Amino acid sequence: MLLAALRKDFLLQWRTRAQVLAILIFGATSLLLFSFAIGPNALALRQHAAGFLWLALLLSSTLSLAESFQAEMEQRALEGLLLLPASARALYYGKALANWGQLAFLGLALVPVMIVLYDAGTTNIGALVGIILLGTAGLSAPGTLYAAMTSQARARQTLLPLLLFPLVVPVLLASAKATSLIILGDPMGQVRSWSLLLVCFDLIYWSLCGLLFGRVVED
Amino acid sequence: MSADRQGAVVPYALAALGLALLAWGSSWGLFAAPGETYMGDVQRIMYVHVPTAWNAMLALTFAFGCALVSLFKGGWRWDARLEAGMEVGVVLSTLLCMQGAIWAKPTWGVWWDWDPRLTTTAVLVFAFAGILVLRRFVDDPVKRAVWSAVATIIAYVDVPIVYFSVRWWNSLHQVQSSPETVSKAFHWPLRINAFGILFLMSGLIGLRTRLAVLRLESELAPPLPPPAAVAPASTRGDR
């Protein structure tokens with residue numbers, strides 16, 4: 001059942017791939033804009049590169065998360081899905097996994113932009129990919145739940161970031177710090193503890209949001 | 001209506017008692033208690049700052065409890081209490097940040113510092129204020145109750161995670177104040193103010209709950225029949 005839900009959401013994303021591309025361009029544009037806030041100081045830009053990458057990803061994530069439920073609202077598709085003999089939990093995990101996939105893709109696609117613009121390359125690709133996977137998982141779990149709520153409310157464009165941003169402060173903090181350590185060097189071996197924090201956040205929110213999602217959509 | 005009025009007596013009395021205690025404790029702290037050796041008079045803000053911190057956490061924890069009950073047991077009253085507790089908690093946490101900034105400027109030389117407790121409180125203010133905004137933008141009372149309860153649980157669980165992540169990230173704050181870490185001469189004004197704010201807060205939560213209940217009643221009440229349908233019948237009766 002989960003697989004069917006996941007397949008549906010990936011199919012949905014594939015059919016609307018132009019949107020993903022648009023969000024990617026939005027993210028790259030924000031990366032370009034951040035550098036204007038700092039000025040053409042190569043050293044400072046390199047130091048802040050990781051933070052900028054995660055801010056760009058966070059801003060893009062509100063677009064991509066909101067989009068993911070937009071399609072379900074059209075012609076009351078969500079109500080139809082809930083009538084199927086599938087549990088709401090399977091629908092949630094399908095949606096959250098698909099969103100995670102999309103956000104991870106965005107994150108990985110933004111890395112080359114960051115490297116080119118900020119000269120912030122690293123040879124430790126494995127660790128970088130790992131942090132992007134962990135961090136985007138942390139954005140996707142609560143983000144999917146909040147997108148389900150806000151897509152049905154008034155002023156949804158404002159509400160989603162308003163609710164999501166304070167909540168994912170630990171994710172932003174840990175991912176930015178870990179990415180920064182990967183880029184700039186990690187003499188104290190701190191990346192491990194930051195990724196551990198991300199793992200904890202992911203475990204807590206992937207289970208908690210899955211438990212609560214049913215209540216959000218079923219009433 | 002008279003039952004409504006009577007219900008309001010207790011919160012008003014609590015709030016009045018709280019204000020009186022707060023005035024007593026603060027004047028004691030401001031004029032009678034000895035100044036602190038290193039920080040001087042600046043330290044006297046502690047008499048409101050520390051009790052505000054305790055009570056802000058208490059109010060938000062109350063809101064969290066209400067969210068759990070409202071989500072798993074149901075009941076409109078708990079939804080009203082959730083709204084009241086959260087609103088009072090957000091106001092207290094905002095005051096807490098402001099007091100902290102006022103204290104930090106002469107002591108550390110900056111208004112803001114990225115220490116774990118200060119930062120966590122700020123994140124908390126935004127997280128819970130967001131939920132209050134969410135409540136405003138959802139018209140269906142059933143959805144509003146469920147969603148704000150879910151969002152409250154999610155945000156409350158985040159508080160310790162934010163705290164520890166910021167603590168790893170940066171640290172510089174006084175060790176948490178409790179009667180044990182504070183000299184004996186400072187105890188009484190601190191305690192009186194703590195209870196003062198506690199009573200004031202309970203009174204405000206009580207009043208705000210009443211307001212929320214009244215609002216819910218007017219939302220949930222079946223709509224009155226349109227005036228056109230009523231008017232002819234009554235005029236006929238008069239004749």
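Two residues are in contact here if their C-beta atoms, placed from the backbone, lie within 7 Å. Keep that cut-off in mind while moving through this predicted model.

**Stop 1: B:Phe128.** Select B:Phe128 and show what surrounds it. Leaving aside neighbours within four places in sequence, B:Phe128 is in contact with B:Leu60, B:Met86, B:Gly89, B:Val90 and B:Ala155.

**Stop 2: the largest nonpolar core.** B:Phe128 also belongs to the largest nonpolar core, which has 129 residues. Colour the members that touch the most other members: A:Leu53, A:Leu163, A:Val216, B:Ala59, B:Ala63, B:Phe128 and B:Met201. Helix α2 of chain B, residues 46–72, gives this core its largest share, 14 residues.

**Stop 3: B:Leu22.** Next, select helix α1 of chain B, residues 2–32, and find B:Leu22 within it. Is B:Leu22 buried or exposed? A residue counts as buried if 20 or more other C-beta atoms lie within 10 Å of its own. B:Leu22 has 22 other C-beta atoms within 10 Å, so B:Leu22 is buried. Not counting residues up to four places away in sequence, B:Leu22 touches B:Asn193, B:Gly196, B:Ile197 and B:Leu200. Now draw a distance from B:Leu22 to B:Val48: the C-alpha atoms are 8.5 Å apart, while the two residues are 26 apart in sequence.

**Stop 4: the whole of chain B.** Show chain B as a cartoon. There are 7 helices and 0 strands in chain B, and the order along the sequence is α-α-α-α-α-α-α. Of the 239 residues in chain B, 39% are buried. Among the contacts in chain B between residues at least 6 apart in sequence, 80% join residues at least 24 apart.

**Stop 5: where the chains meet.** Show both chains. Chain A brings 23 residues to the contact and chain B brings 25 residues. On the side of chain A that touches chain B, α6 (125–150), α7 (156–167), α8 (169–184) and α9 (191–218) each supply at least two residues. Which of the helices gives the most to this side? The answer is α9(A), with 7 residues. By class, this side of chain A has 19 nonpolar, no polar and 4 charged residues.

**Stop 6: a helix pair in chain A.** Select helices α2 (residues 17–38) and α3 (residues 42–73) of chain A, which pack at an angle of about 145 degrees with their axes 9 Å apart. The crossing of α2(A) and α3(A) is right-handed. Residues of α2(A) in this contact include A:Phe26, A:Gly27 and A:Phe34, and those of α3(A) include A:His48, A:Phe52 and A:Glu67. The contact of α2(A) with α3(A) has 13 nonpolar, 7 polar and 1 charged residues.

Notes: Residues numbered from 1 in each chain as written. Chains lettered and ligands numbered in written order. Predicted model: local features only at pLDDT ≥ 70, side-chain atom pairs only at ≥ 80, totals over all residues. Helix = DSSP H or I, 4+ residues; strand = E, 2+ residues; numbered from the N terminus. Nonpolar A, V, L, I, M, F, W, Y, C, P; charged D, E, K, R; others polar. Buried ≥ 20, exposed ≤ 12 C-beta atoms within 10 Å, placed from the backbone. Axes fitted to C-alpha atoms, helices over the stretch in contact; angles between N-to-C directions. Left-handed = near helix turned anticlockwise from the far one by under 90°. Core = buried A, V, L, I, M, F, W, Y, C linked by C-beta atoms within 7 Å.
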